[in-house]
Amino acid sequence: MIARAPQFTRLVFAMAVVFAVLLLLPRSAAFAAPAVAIYRGEAAAASGPGRRIDLRLSADGKMTWLTDYRDNRPLISEEDRWNAISLEEIEVVVERRDGKQVEPSAVRLLKQGETLRTTAASTAEFGSQGLLLKLAKAAAPPIAAPLTGVVTPIGAWQWESLVSSAGKVAVNQPERYKLQLQAGGKAQVLADCNRGQASYSLDGRSFSIKISGVTRAACPAGSLSGRYLKALQTAVGQRVRGENLFLDLPADGGTMKFVRAK
């Protein structure tokens, strides 16, 4: 026992060092899910060294946006999801910062080879030159639709919000804005005080809907009826995450979020 004491002491010391290193790491770095791809780049600043940014995209549609302001403070971790708008464009949506809920924001990025560059609508957030991120690590194709399994959007949904690079539109009465997708490509739409029928098509994550026979009642002031119907008919993609349905709009239109109607 006396002979083994030094080895035991060294083992305890090594374990303590490892534990201390883990505590010093940002929580997202220590516990994040395996990344599909990691992109890195820098955003210039008018004065100072600017920001270093890591964007981590996971296969389940989650993303982590890490920002180092080079001010000797911990990295800022922003998290939520990423959406493949097309083979050339993705959208990252932030709803949590350092583990706390924040007002949702979205950034659109264009794929150019092994780089991601902000679109015109998102460039201003990162200075006049925008943001350019280069692929640093990929365990699978970096731009691909997040895995959705066999979940389909068929069912009844209530519209909760529209999140885009321009901001968030919150729906105060989601029960007045419904979308019921039926098997066979037919749908029913409730837009506040108006109703209509629709036909839709699905092809993987691609989605399109055509609304017809809408009533023309005059809804109360502040109604989102017109905006809701217009946004629905521009949808190009869909994905289901638990009890939520997300419809992606083209270009910088953003994403419509629905919750399953009870």
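**Surface and make-up**

I started with the surface: the chain exposes about 14700 Å², and carbon and sulfur atoms supply 56% of it. This is a predicted model. I then checked burial and found that 41% of the 262 residues in the chain are buried. I listed four helices and 17 strands. For contacts between residues at least 6 apart in sequence, I found that 43% join residues at least 24 apart.

**Cores**

Next I looked up the largest nonpolar core, which has 28 residues. Trp 159, Leu 179, Tyr 228, Leu 232, Leu 247, Met 256 and Phe 258 touch the most other members. Among the elements that give two or more residues to this core are β9 (155–164), β13 (194–203) and β17 (255–260). The most comes from α4, with four residues.

Leaving out residues up to four places away in sequence, Met 256 touches several residues, including Trp 159, Tyr 228, Leu 232 and Leu 247.

I also noted a second, separate core of 20 residues, with Val 36, Tyr 39, Ala 84 and Leu 116 among them.

**Second largest pocket**

Which residues are the closest to the centre of the second largest pocket? I first noted its volume, about 220 Å³. Of its 13 lining residues, Arg 51, Trp 65, Glu 78, Glu 125 and Phe 126 are the closest to the centre. By class, I found seven nonpolar, two polar and four charged residues in the lining. β3 (62–68), β4 (76–84), β5 (89–97) and β6 (100–112) each supply at least two residues of the lining. β6 has the largest share, three residues.

Conventions:
Residues numbered from 1 in each chain as written. Predicted model: local features only at pLDDT ≥ 70, side-chain atom pairs only at ≥ 80, totals over all residues. Heavy atoms only, no water. 1 Å grid on protein atoms, 1.4 Å probe; cavity = no way out; pocket = protein on both sides within 12 Å on 5 of 7 lines; lining within 4 Å. Points joined across faces, edges and corners; volume = space filled by probe spheres on them. Nonpolar A, V, L, I, M, F, W, Y, C, P; charged D, E, K, R; others polar. Buried < 20%, exposed > 50% of the residue type's maximum accessible area, 1.4 Å probe, protein only. Contact = heavy atoms within 4.5 Å. Areas by Shrake-Rupley, 256 points an atom, 1.4 Å probe, with all protein chains shown as cover. Core = buried A, V, L, I, M, F, W, Y, C linked by side-chain atoms within 4.5 Å.
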